[in-house]
Amino acid sequence: QVQFVESGGGLVQPGGSLRLSCAASGIRFSISTMAWYRQAPGKQREFVAFLTSGGNTNSKDSVKGRFTISRDNAKNTVYLQMNSLKPEDTAVYYCNKVPIVDNWGQGTQVTVSS
């Protein structure tokens, strides 16, 4: 059974940093493209960043230069390092694979506020 367990969210002031983690199970993690998504209040879930098994990556324009996605295949875990956080980054953050599997985790709440 596919499962994603996200963690690492919290309340942070603008300009601060957080590192999110997502432990995946039930997938062939080492060969999967992994991605982070987020959903802000009242908005649809949106793509944030992806990382292929070969190390290729891309991200949403508004987070380029601030967010970095990485992975540890030995731990079946994908990370999202978020720096220079802005209030508009406030959302519930989720991980999934590409293509998406319809079995989302509970997400982790990130709130950027002074």
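Let me start with a term: buried means under 20% relative accessible area, exposed means over 50%, and partly exposed is in between, using a 1.4 Å probe and protein chains only. By that rule Asp-89 counts as buried, at 0% relative accessibility.

Hi everyone, a word on the source. This is a predicted model, so local features need pLDDT of at least 70 and side-chain atom pairs count only at pLDDT 80 or more, while totals for chains, interfaces and linings use all residues. Residues are numbered from 1 along each chain as its sequence is written, and side-chain values use heavy atoms, with hydrogens and water left out.

Back to Asp-89, then. Which residues does Asp-89 bridge to? One partner is Arg-38, with the closest N and O atoms 3.0 Å apart; another is Arg-66, where that distance is 2.7 Å. A salt bridge here is a side-chain nitrogen of Lys or Arg within 4 Å of a carboxyl oxygen of Asp or Glu.

Where do these residues sit? I'll be naming strands, which are DSSP runs (E, at least two residues; helices are H or I, at least four), numbered from the N terminus. Asp-89 lies in the loop between S8 and S9 and Arg-66 in the loop between S6 and S7, so their pairing ties together parts that are 23 residues apart in sequence. Arg-66 is buried, with a relative accessible area of 9%, and Arg-38 is buried as well.

The whole structure has 4 salt bridges. Glu-46 and Lys-60 form one of them, with the closest N and O atoms 3.2 Å apart. Glu-46 is in strand S5 (residues 46-51) and Lys-60 is in the loop between strand S6 (57-59) and strand S7 (67-72), so this pair ties together parts 14 residues apart in sequence. Are these two buried, exposed or partly exposed? Glu-46 is partly exposed at 28% relative accessible area, and Lys-60 is partly exposed at 26%. Arg-38, Glu-46, Lys-60, Arg-66 and Asp-89 are all linked in a network of salt bridges.

Now for the nonpolar side. In soluble globular proteins, nonpolar side chains tend to be buried together.

Leaving aside residues up to four places away in sequence, Leu-80 touches Trp-36, Val-48, Phe-67 and Tyr-93, among others, where contact means heavy atoms within 4.5 Å. Leu-80 is also the bridge partner, in S8, of Ile-69.

That takes us to the sheet. Two strands pair if DSSP finds at least two bridges between them. An open sheet of 4 strands runs in the order S1-S3-S8-S7, with antiparallel pairing. Its edge strands are S1 (3-7) and S7, each pairing on one side only. S7 and S8 are joined by 6 bridges.

Last, the disulfide, meaning a pair of cysteine sulfur atoms within 2.5 Å. The search finds 1 in the whole structure. Cys-22 is joined to Cys-95, with S to S at 1.7 Å. Since Cys-22 lies in strand S3 and Cys-95 in strand S9, the pair ties together parts that are 73 residues apart in sequence. Both cysteines, Cys-22 and Cys-95, are buried. Thanks, everyone!
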